[in-house]
Amino acid sequence: MSKSLVSKFVIAAPLIAVAVLALVMAWGHSFSNQAEAVGTASVELVVTDAVGGSCNAAACDVIKGGTFNLAVNVTASAPGYSAYQTEVTYPAGLLKYKPTAAAADESVWGPGNGVLELRSPAAPTGQEGIVNHASSSQVLPPRPQAATLGSILVLEINCTAVDSGPHTITLVPFTVANNNASGLDVSNGSPSKIVPVSDSIDINCIQTPTNTPPPPTVTPPDFPQMQKLCAAKGAPNASTGSAQCNLFLTRQSIAKIPPLTCGGGTNAATIQERLSIPIPDLPEPKGDDFDGDTIVDRQQLGAFEFEVHFDEDKVCVNLVPGAAAATMLCVVEDKDSSQLEGVARIGCVTLGKAEYPDTTTKDGRHLADIVVRPQPDEYSVIRPNQDNGNVIQLNNVGCELADLQGHPIPVFSCEDADVTIRFLEGDVAPDCAVNALDTQAIAFRWGVNKGSTIYTDFMNLEPSGTQADDDIDIKDLQFVFGRFGSTCKVPWPAQLPINAKA
């Protein structure tokens, strides 16, 4: 069984000039941040040889204790590439990377390539939670460019029996602050030329399946669903690529006061409006005929529209055209461009027939981003106690697709999403991590009761709910101390987003 996710890497600067030094110096200077951003590339993240379980469009299931191979595959590069660099992060202790004896055994990007093979750490244990690789086709420029497509890196990973997941593996994109991150060098010398991109994949460690007969196979719909899926997997305000998302709240200033306006806050959840499958391969209702040879045109995505209905007392919404709308003309009505109450809408059309999105690709199915921010009141009415949060429904209304001639393309369904606005449990100095700031803040208030000048309901955590005891006692301290080390990215215990329709 296998799983493919199109990944968009970010490239860095002259790999080789510093890679030579890296052979005699410590890792950490692989790419510079002076590279020119040019060219295009397409990279897939592929899971193969998984022991047990299965893969679908959102995640891969692997039997606890089983292993799988994680491959980075180049599917397109214009021009070719002369070097690559990757930074893979994984939840240490939950997934375990199984390194080979030498980096060259994992870098597999084709005959004649890979003169330099680097890995950091040079001798990893597999439990660091991060590993970097770099390789170049030649030590000094001009460096030959690889024209072949396929795998450039294959890592073996173990799905431990510690937890059931999902666990996110991330290819970290290059930034000015992190010049060891992922990318392909599309130049043949200096300066390097880069193509910015990134992606991630979720792994579920499952129990050994029983011999229960599998359920009947469900025939997939012939036409696409318009789905809302949480974006930026692995980020604090994202969930697992499903329709249920967490939006974690943090303090907004040194004074810790809520933002003055909904749009003025820094906390947001991003949900992608996506097509579940490519546009069906059907003939356009009015095909063309040239020189007596009948050429039947195939339907392509020419236009789309949808509305988002939400509770404006709890959140505000912005809509941003996605990659599929890069060459389209779009009209957006949201909190910044209309007076609609509880409604945001977007409509995009294609001019002519020369350019249109390729819905067989991941980018071509990404219609728009829905950016959700909490109203200021939410910061005051929620406490970081057990199972806290308000659930907001984002209802998908009036979703439609049309081809290049305006003929309707049937939509199988319009899917909704849910956003749970909450604090990380025990994060009383809210910064998305339970650390010394939180333990000190609540320990300072130990033994105070309601009415004291240093008492605050925000730190009265136990018991939760309506039975709060109006004091800060040892139960409240343990609630925070027992969650020390928990983060919004990996909450402990888990804070799963809520399905409002369940």
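Reader: Does Cys399 count as buried or exposed, and what is its relative accessibility?

Author: Please keep in mind throughout that this is a predicted model. Buried means under 20% relative accessible area, and Cys399 falls under that cut-off, so this cysteine counts as buried, with a relative accessibility of 8%.

Reader: To which residue does a disulfide join Cys399, and what is the handedness of that disulfide?

Author: The partner of Cys399 is Cys414, with a distance of 1.5 Å from S to S. The torsion about the S-S bond of Cys399 and Cys414 is about -75°, so the disulfide is left-handed. The pair links distant parts of the chain, since Cys399 is in strand S25 (residues 390-403) and Cys414 is in strand S27 (residues 413-414), 15 residues apart. Cys414 counts as partly exposed at 31% relative accessibility, and the answer to your question is thus a disulfide to Cys414 that is left-handed.

Reader: How many disulfides does the structure hold, and which parts does the pair of Cys230 and Cys245 tie together?

Author: The structure holds six disulfides, and one of them is formed by Cys230 and Cys245, with their sulfur atoms 1.8 Å apart. This link is left-handed, with -100° about the S-S bond. Cys230 lies in strand S15 (residues 225-230) and Cys245 in strand S16 (residues 244-248), so the pair ties together parts that are 15 residues apart in sequence. In short, the count is six, and the parts tied together are strand S15 and strand S16.

Reader: Are Cys262 and Cys316 buried or exposed, and how many residues apart are they?

Author: A disulfide joins Cys262 to Cys316, at 2.1 Å from S to S, and the torsion about its S-S bond is about -95°, so this disulfide is left-handed. Distant parts of the chain are linked by the pair, with Cys262 in the loop between S16 and strand S17 (269-275) and Cys316 in strand S21. Cys262 is buried, and so is Cys316, and the separation of the two is 54 residues.

Reader: What are the relative accessibilities of Lys228 and Glu273, whose side chains meet in a salt bridge?

Author: In this salt bridge the distance from N to O is 2.9 Å, and the pair links distant parts of the chain, with Lys228 in strand S15 and Glu273 in strand S17, 45 residues apart. Lys228 is buried, and Glu273 counts as buried too. The values are 1% for Lys228 and 0% for Glu273.

Reader: Which residue forms a salt bridge with Lys98, and how many salt bridges does the structure hold?

Author: The closest N and O atoms of the Lys98 salt bridge are 3.7 Å apart, and the partner is Glu156. Lys98 lies in the loop between strand S7 (95-97) and S8, while Glu156 lies in strand S10 (residues 150-159), so the pair ties together parts that are 58 residues apart in sequence. Lys98 is partly exposed, with a relative accessible area of 35%, and Glu156 counts as partly exposed at 31%. The partner is therefore Glu156, and the structure holds 11 salt bridges.

Reader: Where is Glu312 placed, and which residues form the negative surface patch?

Author: Glu312 is in the loop between strand S20 (301-309) and strand S21 (315-321). Patch residues need over 30% relative accessible area, and Glu312 is partly exposed, with a value of 32%. The negative surface patch is formed by Asp311, Glu312, Asp313, Glu341 and Asp377.

Reader: Which residues are joined by a cis peptide bond with an omega of about 0°?

Author: The proline of this pair, Pro463, is placed in the loop between helix H3 (436-444) and helix H4 (474-481). The cis peptide bond with an omega of about 0° joins Glu462 and Pro463.

Methods
Residues are numbered from 1 along each chain as its sequence is written. This is a predicted model: local features need pLDDT of at least 70, side-chain atom pairs count only at pLDDT 80 or more; totals for chains, interfaces and linings use all residues. Side-chain values use heavy atoms; hydrogens and water are left out. Patches are made of residues with over 30% relative accessible area and no salt bridge: like charges are joined within 9 Å, nonpolar side chains (Val, Leu, Ile, Met, Phe, Trp, Tyr) within 5 Å. Accessible areas come from the Shrake-Rupley method with a 1.4 Å probe; for residues, only the protein chains shown count as cover. A salt bridge is a side-chain nitrogen of Lys or Arg within 4 Å of a carboxyl oxygen of Asp or Glu. Lys and Arg count as positive and Asp and Glu as negative; His and the chain ends are not counted. The place of a charge is taken as NZ of Lys, CZ of Arg, CG of Asp or CD of Glu. Helices (H or I, at least four residues) and strands (E, at least two) are DSSP runs, numbered from the N terminus. Buried means under 20% relative accessible area, exposed over 50%, partly exposed in between (1.4 Å probe, protein chains only). A disulfide is a pair of cysteine sulfur atoms within 2.5 Å.
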